[in-house]
Amino acid sequence: MKLGKYPSYGNLDGLFDRDGTVKKEKIAEVEKARDWLQSALEVRSYAPPILPLSVAIPTWLYGAEPTMPFASHYAKYFQNSLREEALVNNSRAGIVYGQGGGGTMREVFQDVERNYYAGSAKEFTPMIFFDKSGYWKTEAAYEGTALKTPGIKLDVLIPSILKFGICQRLNLDDAGLKQFTDKVLFSHDVNEIRTVLALNADTAKENMGFALQAQPSKVPSFRMNRV
């Protein structure tokens, strides 16, 4: 409930004047960001003092995206392309894509490329496209050149690309192909998402265990593997 009260942190782009002071018209946005972070810190205080291992890799380059406080570790990259590559490569359990722009598109298609070359369903990592407004299932609508309704329709394109890549390399029957395609989901239903992520849980735990023990050579290897 506390997080729901402040669901966003506002628009912090173009925050400062040339003299380094916060622009007057941005003060309300700064206050929204403060409320957003404070509510997150309050929720964090209810969690155990020692959290399970996790890593957050925020967009530090832009300076306009606050760092969420729920991770146990944080990474910093000064080139956003390297950050996005690290996010995709280290997402062993799967990736949930929320509404996003160019950076999110880069991550989506980096993930598509890796899954395209998966040699088995075990090596194929879940891709979840989440947005209650149907962002991933709807073409953007315009009035002239003005954007009326945002949307990037991928619900047909992504499964089609992946099916093509898998079928041209592997000799599969319908049941075998389904083991791959079941890991691609366009939904905001939490139970459906949990079910798809569970399909890869054993592989994710296995790979994470190898990584934490500094045994990357034991992680299943294929062209463009997540290591």
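Guide: Start with Phe124, which is buried at a relative accessible area of 1%. Keep in mind that this is a predicted model. Phe180 is buried as well, with a relative accessible area of 2%. Both values fall under the 20% cut-off for buried.

The model holds 6 aromatic pairs. Phe124 and Phe180 form an edge-to-face pair, because their ring centres are 5.7 Å apart and their planes stand at 90°. This pair links distant parts of the chain. Phe124 sits in the loop between H4 and S4, Phe180 in helix H6, and 56 residues separate them.

Now take Phe129 and Phe186. Their rings are stacked, 4.4 Å centre to centre with 5° between the planes. Here too, distant parts of the chain are linked: Phe129 lies in strand S4 and Phe186 in strand S7, 57 residues apart. Phe129 is buried at 2% relative accessibility. Phe186 is buried at 13%.

Next, helix H5, residues 157-169. Its 13 residues reach 19 Å from first C-alpha to last, close to the expected 18 Å. Ile158, Leu162, Gly165 and Ile166 are buried in H5. Viewed down the axis of H5, its buried residues fall within an arc of 90°, so they line one face of the helix. They pack against helix H4 (102-116), strand S4 (127-129), helix H6 (174-181) and strand S7 (184-186).

That ties the two views together.

Technical notes: Residues numbered from 1 in each chain as written. Predicted model: local features only at pLDDT ≥ 70, side-chain atom pairs only at ≥ 80, totals over all residues. Heavy atoms only, no water. Helix = DSSP H or I, 4+ residues; strand = E, 2+ residues; numbered from the N terminus. Expected span 1.5 Å × (residues − 1). Buried < 20%, exposed > 50% of the residue type's maximum accessible area, 1.4 Å probe, protein only. Arc of directions from axis to C-beta. Contact = heavy atoms within 4.5 Å. Phe/Tyr/Trp six-rings, centres within 6.5 Å; stacked < 30°, edge-to-face > 60°.
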